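Biologist: I am new to this structure. Please take me through it one question at a time.

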Amino acid sequence: INCCQFGCYIQAKPRCDCCHSNDDWMGKLTTLAPDLKLRNVVMPATHDSASSTISKWTLFSAVGLCQNTSVYEQLKRGARYLDIRIGGTPTSASVDDVFICHGILKGGNFGNVMEEVSEFLTENPGEFVVMEVVYVNIHEMPPEQRLRVFQLMESTFGDRMISQEDTKTWFKVKNVTLGTIRRKSKNIL
């Protein structure tokens, strides 16, 4: 159920085998068409990707549970664009106190979601994932905690992540090709 109350979420058990595992579609595409520009690739995405970490027993969870499978499972099924919403704890600077959220609803630990993405990319080094991490401002997050979020992402993904330096040199969304991304050994933006 998405935030508009329409039943359009990923099935917990796929109805057909073709929906079960698409974990290497982008790697295959890169092999077949290395000169294909990233901007010309249609990437399946999920809305509030980590909302499955919100308890079903939480008040208003029917509105906030946009996904019923883990981020790892969504990636295995072919999603390559993740919409991750996070909130913090105003009295903490620790990244351990950063959680997944959808509006007022709190879900699981952000670090656990990063580990799911990292595990998928380690298993599938030819895949490329775009991850949009959005701070939901109704859950206060001190500047120190925001910095820790960036540091966690850098430590989790390391050299596999497109860096700010990359965006100043070779990674231009308008022109970058799948082959270039693979040659640079990058697989997350």
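**Helices, pocket and loops**

Modeller: Helix H5 (residues 143-157) has 15 residues and spans 22 Å from its first C-alpha to its last, close to the 21 Å expected at 1.5 Å a residue. The expected span is 1.5 Å times one less than the number of residues. Helices (H or I, at least four residues) and strands (E, at least two) are DSSP runs, numbered from the N terminus. This is a predicted model, in which local features need pLDDT of at least 70 and side-chain atom pairs count only at pLDDT 80 or more, while totals for chains, interfaces and linings use all residues. Residues are numbered from 1 along each chain as its sequence is written, and side-chain values use heavy atoms, with hydrogens and water left out.

Biologist: Which residues of H5 are buried?

Modeller: Buried means under 20% relative accessible area, exposed over 50%, and partly exposed in between (1.4 Å probe, protein chains only). By that rule the buried residues of H5 are Gln145, Val149, Leu152, Met153, Thr156 and Phe157.

Biologist: What do the buried residues of H5 pack against?

Modeller: Contact means heavy atoms within 4.5 Å. The face of H5 turned away from its buried side carries the exposed residues Pro143, Phe150, Glu154 and Ser155. The buried residues pack against strand E2 (81-87), helix H4 (110-123) and strand E5 (130-135).

Biologist: Which residues are the closest to the centre of the largest pocket?

Modeller: A pocket is an open set of points on a 1 Å grid over the protein atoms alone, where a 1.4 Å probe fits, with protein on both sides within 12 Å along at least five of seven lines; lining residues have an atom within 4 Å of a point. The largest pocket has a volume of about 440 Å³, counted as the space filled by probe spheres set on the points, which are joined across faces, edges and corners. Of its 21 lining residues, the closest to the centre are Phe150, Met153, Glu154, Met161 and Ile162.

Biologist: Which helix does H1 pack against through its buried residues?

Modeller: In H1 (residues 25-32), Met26, Gly27 and Thr30 are buried. They fall within an arc of 105° seen down the axis, so they line one face of H1. Thr31 and Leu32 are exposed on the face turned away from the buried side. The buried residues pack against helix H7 (178-183).

Biologist: How many disulfides does a search of the whole structure find?

Modeller: A disulfide is a pair of cysteine sulfur atoms within 2.5 Å. Cys66 is buried at 3% relative accessible area, and Cys101 is buried at 1%. The number of disulfides found is 0.

Biologist: Is Asp48, with its positive phi of about 45°, buried or exposed?

Modeller: Asp48 is not a glycine, and its place is the loop between strand E1 (45-46) and helix H2 (61-64). Its relative accessible area is 2%, so Asp48 is buried.

Biologist: And Ser185, buried or exposed?

Modeller: Ser185 also has a positive phi, near 60°, and is in the segment after H7. Its relative accessibility is 53%, so Ser185 counts as exposed.

Conventions. Arc of directions from axis to C-beta.
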